[in-house]
Amino acid sequence: MEIFSKLESEVRSYSRGWPVVFDRAQGSMLYDENGKGYLDFFAGAGALNYGHNNPALKQALIDYIARDGVTHALDMFTVAKRDFLETLQEKILGPRELDYKVVFPGPGGANAVEAALKLARKVTGKESVINFTNAFHGMTLGALSVTGNSMKRGGAGVPLVHATPMPYDKYFDGAYPDFLYFERLLEDSGSGLNEPAAVIVEALQGEGGINAARLEWLKGLSDLCERHNILLILDDVQMGCGRTGPFFSFEDAGIKPDIVCLSKSIGGYGLPLALTLIKPELDVWEPGEHNGTFRGINPAFVTATEALRVYWSDDKLEQSTRAKGERIGSVFDEIVQAHPEANLVAKGRGLARGIEFASGELAGSVCAEAFDRGLLMETSGPDGEVMKLLPALTINDAELEQGLEIIGESVRAVLTK
Ligand code: PLP
């Protein structure tokens, strides 16, 4: 343990809530070095939708490494990349009638967001981007400029500019018609709003506190962007790859964003991979104008391809995610009703769920109680006031029930103290 506090920067965060040394992992379980098991309701912050060391993906990876398949290839053509692109087209884009070209922007979610922002500005010749209250898009400067959290923004050390926040869905609890303020500013030549190149949005805000936008709000936003000739960037880094049920979190809203950011679970195995999907007419880049050393991590293409083949050849995973999500939702409703004095709020969609507490301290205490009982969960929201659940989509029913029981006990333990 000592080496971590001695050598690793104070910036580390997750390890503070879970002060054990993890060693092995399988499915929804993580094991510490003493063999103690923890049920993982965090799933790599959404990077492990198919669980830890998923056997099918592991075998594909082992086979690829064993035959000396190329590991690193910048953006050279490889067999692994070809398989991935063909499978993405066949299993995901084609069936959904989504006409996108694929940019490999670098290994992480923030890379996908930076590429989206750069491209939107290049295409339109405009600088300004509209973001939403409580948005989270990553920790690089461009991504931070469209992120809400003041602590994270404060870390930038330079002014974060060229972004204007608008109220996310339900920000005013339905007191005003959707987009009243936004559209008025767009239409008023005296409003002072710089003409936006793009709007960037999450269909369900994960880090922002498990805020699920209504489908009609997303549709309204898409229509507004079309009316005003603004590009719509949908950041599906955390909520994509089936987290809310369908492969893309925006599918149920019936919209087709101009640009989609994917990362986290697209690699399938927890290996770094990110994509920026762009409508073909936006592909105005010069060769090499957006670049990076780690844009073709071929073992990640291999596990990504296998994940699409295994889990997205039919709608079984989507249906089970919706059903498991409903189950969590009904248990959360019971928890909320069992503690009327605490004013809890159950939130989320699919397998992105949360309970909002009156303070970050309460939500943090519930997560600490859960950890003592062998369950990993994190908090989110501007003050960490939302207990957040992102179990693997492949979690079995027994594990799900066990986790929900621990959550019920942990909430009770904190609220009856
Ligand atoms: N966008 C969203 C919606 C995210 O939730 C995250 C990370 O949590 C990011 C972007 C940034 O991804 P990364 O941490 O891989 O840079």
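Author: Strands are DSSP runs (E, at least two residues), as helices are (H or I, at least four), numbered from the N terminus. Two strands pair if DSSP finds at least two bridges between them. In this predicted model, four strands form an open antiparallel sheet in the order S13-S14-S17-S16. Its edge strands, S13 (345-349) and S16 (378-380), each pair on one side only.

Author: This is a predicted model, in which local features need pLDDT of at least 70 and side-chain atom pairs 80 or more, while totals for chains, interfaces and linings use all residues. Residues are numbered from 1 along each chain as its sequence is written, and side-chain values use heavy atoms, leaving out hydrogens and water.

Reader: How many bridges join S16 to S17?

Author: Three bridges join S16 to the antiparallel strand S17 (residues 386-389). Thr379 stands opposite Met387 in S17.

Reader: Is Asp68 buried or exposed?

Author: Buried means under 20% relative accessible area, exposed over 50%, and partly exposed in between (1.4 Å probe, protein chains only). Asp68 has a relative accessible area of 69%, so it is exposed. Asp68 lies in the loop between helix H4 (55-66) and helix H5 (79-93), and has a positive phi of about 60° although it is not a glycine.

Reader: Where is Cys241 placed?

Author: Cys241 is in the loop between strand S10 (231-235) and strand S11 (259-262). Its phi is positive, near 55°, in a residue other than glycine. Cys241 is buried because its relative accessible area is 1%.
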